[in-house]
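Visitor: I have a structure to look at and I would like to learn how to read it. Could you take me through a few features, one at a time?

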Amino acid sequence: MPPDRTSEMRERAELASVAPRHRLPSFFKETAKEILVALAGNPNLTEGDLLKLLQRKDLPREAIQQIAVHKAGARSYALKLGIVCHPRTARLASLPLLKFLYLFDLVRVSQTPGVPADVKKVAEDSILKKLEAIPRGEKITLARRASGRVAAELLVSEDSELIHAALEN
């Protein structure tokens with residue numbers, strides 16, 4: 001890159017990291033990694049802005065890390081789910097967030113194609129740990145929707161409707 005292009009990129013990244021709310025929309029269309037990482041760390045972003053960033057499949061890992069430590073990200077369930085389901089999220093960022101997810105969101109994580117296999121396995125393990133405390137109706141729904149591993153665990157039940165739902169899965 002020519003020096004003037006590099007300095008221009010650096011200036012845009014600095015601006016993206018501190019831009020006020022009314023100046024943010026232009027940065028959401030950027031493709032440069034440095035600018036996206038700087039934008040993700042901007043303290044003026046709201047939960048909606050961060051979710052909008054997470055919808056981008058080309059979002060760099062570093063930007064996802066910035067979103068994970070953002071002050072809005074610490075309080076938002078939707079952001080936690082979005083971070084875990086994003087295909088470029090590092091395992092070290094995904095695994096601790098799984099404990100905050102609801103049962104059927106764990107099912108969703110375990111069935112999302114872009115999620116790494118070890119994260120899916122931990123999500124399934126979390127589901128299996130909760131099986132004893134789940135009401136019968138939710139178990140039946142879980143037997144219909146969950147992965148084969150979870151459905152197989154539900155087959156050991158004596159409930160014929162639950163077994164039927166697990167076999168149809």
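Visitor: How are H3 and H6 oriented to each other, roughly parallel or roughly antiparallel?

Guide: Angles under 35 degrees count as roughly parallel, over 145 as roughly antiparallel, 65 to 115 as roughly perpendicular and the rest as oblique. Axes are lines fitted to C-alpha atoms, for helices over the stretch in contact, and the angles run from 0 to 180 degrees between N-to-C directions. Here the axes of H3 and H6 cross at roughly 15 degrees and come within 10 Å, so the two helices are roughly parallel to each other. Their crossing is left-handed (the near helix is turned anticlockwise from the far one by less than a right angle; clockwise would be right-handed).

Visitor: Before we go on, what kind of model is this?

Guide: It is a predicted model, where local features need pLDDT of at least 70 and side-chain atom pairs count only at pLDDT 80 or more, while totals for chains, interfaces and linings use all residues. Residues are numbered from 1 along each chain as its sequence is written, and side-chain values use heavy atoms, with hydrogens and water left out.

Visitor: And what is a helix here?

Guide: Helices (H or I, at least four residues) are DSSP runs, numbered from the N terminus, as are strands (E, at least two).

Visitor: Which residues of H3 and H6 meet?

Guide: Contact means heavy atoms within 4.5 Å. From H3, Glu 47, Leu 50, Leu 51 and Leu 54 meet Ala 78, Leu 79, Gly 82 and Ile 83 of H6.

Visitor: Is Leu 51 buried, exposed or partly exposed?

Guide: Buried means under 20% relative accessible area, exposed over 50%, and partly exposed in between (1.4 Å probe, protein chains only). Leu 51 has a relative accessible area of 26%, so this residue is partly exposed.

Visitor: Which residues of H3 are buried?

Guide: In H3, which spans residues 47-54, they are Asp 49, Leu 50, Leu 53 and Leu 54. Seen down the axis of H3, these residues fall within an arc of 140 degrees, so they line one face of the helix. The arc is that of the directions from the helix axis to the C-beta atoms. Their cover includes helices H2 (33-40), H4 (61-69), H5 (71-75) and H6 (77-85).

Visitor: What caps the N-terminal end of H12?

Guide: A polar contact is a pair of N or O atoms within 3.5 Å; within protein, one must be able to donate a hydrogen and the other to accept it, and residues adjacent in sequence count only if both atoms are side-chain atoms. The cap is Asp 159, with a side-chain oxygen 3.1 Å from the backbone nitrogen of Glu 161.

Visitor: What about loops: is His 70 buried or exposed?

Guide: His 70 lies in the loop between H4 and H5 and is buried, with a relative accessible area of 6%. The side chain of His 70 reaches the backbone nitrogen of Ala 72 at 3.1 Å. Leaving aside neighbours within four places in sequence, the contacts of His 70 include Asn 42, Pro 43 and Leu 50.
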